Amino acid sequence: MSLAQFIQDAWNQQAKWLIVLRPLSWLYRAAFLLNQKLYQSGIKQVYRAPVPVMVIGNITVGGSGKTPLLIQLVRYLQARQIRVGVVSRGYGAKGPFPALVTLDSEPDSVGDEPCLIVQSTQVLMAVGPNRRQSIELLLQQQNLDLIISDDGLQHWALARQLEWIVLDKNRGLGNEKLLPEGYLREPKSRLQSGTVIEHAAHPQHDLNMHLEVAAPYLLNPIDGREAFFDVDDPYYAVVGIGFPQRFYQTLESMGVHQFQCHEFPDHYDYDIEDLQFDDASPIITTEKDAVKILPLLKQYPDFNRPIWVVPVEAVLSPACYQLLQQQLRALGIQIS
């Protein structure tokens, strides 16, 4: 088990020993606040894009549901003829940067989540650590009404007009401590300065979302085998996301109860050995993981173990769309 996975497990379990990391959390907080002050005072330059910017992010490390939310918002805006573009850091991507993300882009070059976003929406998207360069690259391609920043809530170098913060009530805020004692990127008080979207199956607030599961599909159709998904089959649950327990809960909700958990760090780069097991039971995984696994299957065409992918879609409450319309109108963007 890697150190990153060990820490991740400790966060999810709220292990008592994490208190020994508190001095490092103090240092993290001091560095974070200093960096924020440097931007707020003008010592560090803040880039203001010529079109409105909306940031979708969270204050925690690991999955919160923001990528499905972003995909759903992009689809909603596209259906209403809003010219929208997306920028992202492209976590784990090798570049070169800035880079446009296309249907042919590889996860190694641009990141797994950007590949998933473009495959799901065909939106104009650019990635790179310098979001100004990414935005300028987008605007060279097309005139846009709105730019959405995937993550970047803590990226103070980019000015933004709107902030939507996804709060996963299932996972919560853990021990409510900053990195590395806890998994908070920012103090809990940060939730007061943006629009909080509650991610919960049984929400307590009007602004909420949940993930709806669609029918699993076969990532690698195999000749001579009927593509039939059976919930009673045993599976190997292969997953490399920030909060794998959510995926296991999804499987349980689908009626899949026989599965062995095989967890990897978030944004993990799979090797073909990671998909090899002692028997012929199929693999089941997430769409985000499938983006990373598919290039492997092209390299190893003889791999014949079925890999099922469970797609999920964000379902937003009516209040979310009503608020979005109000916020965009205030920015001069009319939406029907």
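Helices (H or I, at least four residues) and strands (E, at least two) are DSSP runs, numbered from the N terminus. This is a predicted model: local features need pLDDT of at least 70, side-chain atom pairs count only at pLDDT 80 or more, and totals for chains, interfaces and linings use all residues. Residues are numbered from 1 along each chain as its sequence is written, and side-chain values use heavy atoms, with hydrogens and water left out.

**Helix α3**
- α3 has 14 residues and reaches 20 Å from its first C-alpha to its last. That is close to the 20 Å expected at 1.5 Å a residue (1.5 Å times one less than the number of residues).
- Eleven of its 14 residues are buried (under 20% relative accessible area, 1.4 Å probe, protein chains only).
- Among them are Lys 66, Pro 68, Gln 72 and Tyr 76.

**Nonpolar cores**
- A nonpolar core is a set of buried Ala, Val, Leu, Ile, Met, Phe, Trp, Tyr and Cys residues joined through side-chain atoms within 4.5 Å.
- The largest has 38 residues; Met 54, Ile 56, Leu 77, Ile 148, Trp 164 and Leu 316 touch the most other members.
- Helix α3 (residues 66-79) gives the most to this core, with seven residues.
- Another core, of 21 residues, lies apart from it and includes Tyr 47 and Leu 137.

**Strands**
- Two strands pair if DSSP finds at least two bridges between them.
- β7 (residues 195-199) and β8 (residues 208-213) run parallel, joined by two bridges. Glu 198 stands opposite Asn 208 in β8.
- β8 and β14 (residues 312-316) run antiparallel, with five bridges. Leu 211 has Ala 314 in β14 as its bridge partner.

Terms used. Buried means under 20% relative accessible area, exposed over 50%, partly exposed in between (1.4 Å probe, protein chains only).
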